[in-house]
Amino acid sequence: MSVELAGIHPTRIELVRLRRRKALAEGIVDILKKDLDALTGALFELAQGIPPIRGQIREALREGYELFVEAEMIVGSRKIEEISLGAKPIEFDIQIGSRSGVLGIQLPTFRFVEAGDGSGEPRYNLLDAPAKLDESTLKIKEALIHTVKLAEVQASLNEILDVMSVKRRQINRLQYKVLPQLDMAIRYIELILEETERQDAIRVRVLQRKRKERA
């Protein structure tokens, strides 16, 4: 007899209790599978948004580089270097928040925030710099914003994958450990009760025969 069956009392009450536990476990498995389907759908939906964002990043960088080259052609690379040495650095931060996603999961949100004193002063003397250089800077900033968005999507994907991993482990434990143990225990009690019923039936027949013999 296995360790799991050793502590089981083969009674009808215990049989009813185990059957209820099995029904409950099967219901939980169904719910977890539905949750897993919903998470899988959300995962694919997020994943489909990654290629367009990457395309936006590549396009913004390409345009920014072309504008930078045009600016160099207009004023020369030495002038561009002088402007860059005297330019104020771009200061930015990433604001991290959260939003409610599928099944109420809290997904991260990232937002690009450009720091500054709010004065709106240019980073360099616009009279000395070609307009193409300013346009190039805006394109690089656009690429940064898309990159932050890509990081947000990737972080959300990781969060969903973590939850999916937990639910898969729960399903596997129920399907391959809990339910088989319950089935084994139920079958064990059923066999014991069937054997008890057969023995009782035999005893009844023996008693009836003895009564007839006495009569």
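## Helices of a predicted model

In this predicted model, helix H5 carries a kink of about 35°, centred on Leu174. Helix H5 covers residues 131-214, and its end-to-end reach lies close to the expected value. Helix H2, formed by residues 12-48, likewise has a reach close to the one expected at 1.5 Å a residue.

| Helix | Number of residues | First to last C-alpha | Expected span |
|---|---|---|---|
| H5 | 84 residues | 122 Å | 124 Å |
| H2 | 37 residues | 54 Å | 54 Å |

Helix H2 contributes a series of buried residues, including Leu15, Leu18, Ala25, Val29, Leu32, Leu36 and Leu39. The charged residues Glu14 and Asp35 also belong to the buried set of H2. The cover over these residues includes H3, strand E1 (92-100) and H5.

Beyond its neighbours within four places in sequence, Glu14 is in contact with Ile8, His9 and Ile189.

A further pair of elements is formed by helix H3 (residues 50-75) and helix H4 (residues 77-86), whose axes come within 7 Å and cross at roughly 110°. Angles of 65 to 115 degrees count as roughly perpendicular, and H3 and H4 are therefore described in that way. On the H3 side, the contact is made by Phe68, Ala71, Glu72 and Val75, while H4 supplies Ser77, Lys79 and Ile80. By class, this contact comprises 4 nonpolar, 1 polar and 2 charged residues.

Key
Residues are numbered from 1 along each chain as its sequence is written. This is a predicted model: local features need pLDDT of at least 70, side-chain atom pairs count only at pLDDT 80 or more; totals for chains, interfaces and linings use all residues. Side-chain values use heavy atoms; hydrogens and water are left out. Helices (H or I, at least four residues) and strands (E, at least two) are DSSP runs, numbered from the N terminus. Contact means heavy atoms within 4.5 Å. The expected span of a helix is 1.5 Å times one less than its number of residues. The bend at a residue is the angle between axes fitted to the seven residues ending there and the seven starting there. Axes are lines fitted to C-alpha atoms, for helices over the stretch in contact, and angles run from 0 to 180 degrees between N-to-C directions. Angles under 35 degrees count as roughly parallel, over 145 as roughly antiparallel, 65 to 115 as roughly perpendicular and the rest as oblique. Buried means under 20% relative accessible area, exposed over 50%, partly exposed in between (1.4 Å probe, protein chains only).
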